[in-house]
Amino acid sequence: MTVKTKNVPCELCLSRKFSMFAGLSDEHLCSLSDAKNFISHKKGQILYYEGTKPLGVFCVNGGVVKIFKTASNGKEQIIRLAKKGDFVGYTSLIGEDMYTTTATIVEDAQICFVPKETFLRVMAEDVEFHRRITQALCRDLGVMEGKLTDATQKTIRERLAMTLLKLGDSYGVDGAESQRINIVLTREEIAGIVGTATETVIRLLSEFKKDELIEFQGKKIIILDKKGLARLSDFYG
C-alpha cells in the first residue's frame, strides 16, 4: 500500500545531509519542498518499471530500494541497493531516456518524489549541485566498470565475499567482535547482486559459515571475520 504523507520541508529533513541536496540554498530547498511528494511505500511495491518514461527523481528518506534488470530467463541482476539519502532514477532522467532498470522496495521506505521540471531547474541554477550530480554519474560509471571487471576476473566465491563486505559497509551494525548486516535479503536477491545461481549462493554461504567467516541470526547475516572475507575476496590484492 502506498500512502501519501504530509511533506517534511527539505530544510528540516534529517536525511538531506546524506544526499546530494545537502548544501542547497534556502531558495532551492523551498522550491523542492513546494514541488515534491512525500510517500510511504511498503516492501514489494514498485517505484518504476524498466522501459517507462521518467517523470522525476526519487530521493530515499528511509528504507531500502532495489534497482535491478530482468534477464530473458526471468532472473534478476541487481544493479545496486539505494538507502537513505540516495537518488533513484536520476541517470535516465538526465539522459532523457527510458528507465533501463526497475526499482522496487526491499524494506518499507519513505521516499520523496521531485518532479522533473523542478529537479532540472535546480540543477541548472546551482553550479555546485550540478557538479555533485556529475561526480555521482561518474562514480556510477566507475562502479559498473568495476562490476564488469569482477564478473570476468573474480570467482563467484570472491564476488560473494566482496558483496558481504560491501553490505556490511552500507548496512552493518558493529558488535564486540562481529558485524550484523542489518538488512534482510533473500538468497535469490544475494544471488542477483553476485550474478550467479541461487543454489550456488546457498552452498557458498554454508561453506562460509562452516569456515567461521559468518553466522546467521534469523534471516540476517553476521560477519564474524572481516579480514578473512577480505582475503578471500582479494580486496587487498
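Begin by selecting Arg157 and Glu207, which form a salt bridge whose closest N and O atoms are 2.4 Å apart; a salt bridge here is a side-chain nitrogen of Lys or Arg within 4 Å of a carboxyl oxygen of Asp or Glu. Arg157 lies in helix H5 and Glu207 in helix H7, so the pair ties together parts that are 50 residues apart in sequence. Helices (H or I, at least four residues) and strands (E, at least two) are DSSP runs, numbered from the N terminus. Arg157 is partly exposed, at a relative accessible area of 28%, and Glu207 is likewise partly exposed, at 25%; buried means under 20% relative accessible area, exposed over 50%, and partly exposed in between, with a 1.4 Å probe and protein chains only.

Before moving on, keep in mind that this is a predicted model, in which local features need pLDDT of at least 70 and side-chain atom pairs count only at pLDDT 80 or more, while totals for chains, interfaces and linings use all residues. Residues are numbered from 1 along each chain as its sequence is written, and side-chain values use heavy atoms, with hydrogens and water left out.

Now show the whole of H5 and H7, which pack at an angle of about 70° with their axes 11 Å apart. Axes are lines fitted to C-alpha atoms, for helices over the stretch in contact, and angles run from 0 to 180 degrees between N-to-C directions. The two helices, H5 and H7, are therefore roughly perpendicular to each other, a label given to angles of 65 to 115 degrees. At the place where they meet, select Ile156, Arg157, Leu160, Ala161 and Leu164 in H5, together with Thr200, Val201, Leu204, Leu205, Glu207 and Phe208 in H7; contact means heavy atoms within 4.5 Å. By class, this contact of H5 with H7 has 8 nonpolar, 1 polar and 2 charged residues, where Ala, Val, Leu, Ile, Met, Phe, Trp, Tyr, Cys and Pro count as nonpolar, Asp, Glu, Lys and Arg as charged, and the others, Gly among them, as polar.

The next selection is helix H6, residues 187–194, where 6 of the 8 residues are buried. Those buried residues are Glu189, Ile190, Ala191, Gly192, Ile193 and Val194, and what covers them includes helix H5 (156–171), helix H7 (198–210) and strand E7 (102–115). Just after H6, look at Gly195, which takes a positive phi of about 90°. Glu189 also belongs to a network of salt bridges that links it with Lys66 and Glu76.

From there, turn to Lys42 and Asp108, whose side chains meet in a salt bridge (3.7 Å, N to O). This pair links distant parts of the chain, with Lys42 in the loop between strand E2 (37–41) and strand E3 (46–48) and Asp108 in strand E7, 66 residues apart. Lys42 is partly exposed at 43%, and Asp108 is partly exposed at 40%.

Finish at Ser92 in helix H2 (residues 90–94), a residue that is buried, with a relative accessible area of 8%. Leaving aside its neighbours within four places in sequence, Ser92 is in contact with Pro54, Asp97, Met98, Tyr99 and Thr100.

Terms used. Parallel < 35°, antiparallel > 145°, perpendicular 65-115°, else oblique.
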